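Reader: I'd like to learn how to read a model like this one. Can you walk me through it?

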Amino acid sequence: MGFRLALGATARQVLRLTIAPGLWLCAAGITTGLVLGFFTARLVKSMIWGVTASDPLTLAAVALLLLAITLVANFIPAFA
């Protein structure tokens, strides 16, 4: 990061360079998890109480929580 700043990169470019790969990995993980979750929902349906196996509110909440954790985990080294 220091070399890029010394060679003329802006802080925004360095921030994007730091955060973008983590967000791509998070998006791939969330997508894979949702797809596999729909396929395995029938297997765990008898073990879930209070929600359906494909409850959209729960799935969206978990995806947003993972995205928020990823952003925080990527911002820490970007600003350190």
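This is a predicted model: local features need pLDDT of at least 70, side-chain atom pairs count only at pLDDT 80 or more; totals for chains, interfaces and linings use all residues.

Reader: Which elements have the lowest and the highest mean pLDDT?

Author: Helix 1, residues 2-6, has the lowest at 80, while helix 3 has the highest at 89.

Reader: Let's take helix 3, then. How far apart are its end C-alpha atoms, and what span should its 24 residues have?

Author: The idea is to count 1.5 Å a residue and compare that span with the end-to-end distance. Helix 3 runs over residues 56-79, and its 24 residues should span 34 Å. Its end C-alpha atoms are 34 Å apart, so the two values agree.

Reader: Which residues of helix 3 are buried?

Author: Before the list, a bit of helix geometry. An α-helix has 3.6 residues a turn, so residues three or four places apart point the same way. In helix 3, the buried ones are Ala 63, Thr 70, Asn 74 and Ala 78. Helix 2, residues 11-44, is among what covers them.

Reader: Why does Thr 70 count as buried?

Author: Buried means under 20% relative accessible area. Thr 70, in helix 3, has 17% relative accessibility, so Thr 70 counts as buried. Leaving out residues up to four places away in sequence, Thr 70 touches Gly 22, Leu 23 and Cys 26.

Reader: And Ala 20, what does its relative accessibility make it?

Author: Ala 20 lies in helix 2. Its relative accessibility is 26%, so Ala 20 counts as partly exposed. For a sense of distance, Ala 20 and Ala 9 are 11 residues apart in sequence and 16 Å apart in space, C-alpha to C-alpha.

Reader: Now the pocket. What volume does the largest pocket have, and which residues lie nearest its centre?

Author: The largest pocket has a volume of about 150 Å³. Its lining has 11 residues, with Ile 30, Gly 33, Leu 34, Leu 59 and Val 62 nearest the centre. Helix 2 and helix 3 are the elements that give two or more residues to that lining. Helix 2 gives the most, with 6 residues.

Reader: How many of the lining residues are nonpolar, polar or charged?

Author: The lining of the largest pocket divides into 8 nonpolar residues, 3 polar and no charged.

Technical notes:
Residues are numbered from 1 along each chain as its sequence is written. Side-chain values use heavy atoms; hydrogens and water are left out. Helices (H or I, at least four residues) and strands (E, at least two) are DSSP runs, numbered from the N terminus. The expected span of a helix is 1.5 Å times one less than its number of residues. Buried means under 20% relative accessible area, exposed over 50%, partly exposed in between (1.4 Å probe, protein chains only). Contact means heavy atoms within 4.5 Å. On a 1 Å grid over the protein atoms alone, a cavity is a set of points where a 1.4 Å probe fits but cannot get out, and a pocket is an open set with protein on both sides within 12 Å along at least five of seven lines; lining residues have an atom within 4 Å of a point. Grid points are joined across faces, edges and corners, and a volume is the space filled by probe spheres set on the points. Ala, Val, Leu, Ile, Met, Phe, Trp, Tyr, Cys and Pro count as nonpolar, Asp, Glu, Lys and Arg as charged, and the others, Gly among them, as polar. pLDDT is the predictor's confidence in each residue, from 0 to 100.
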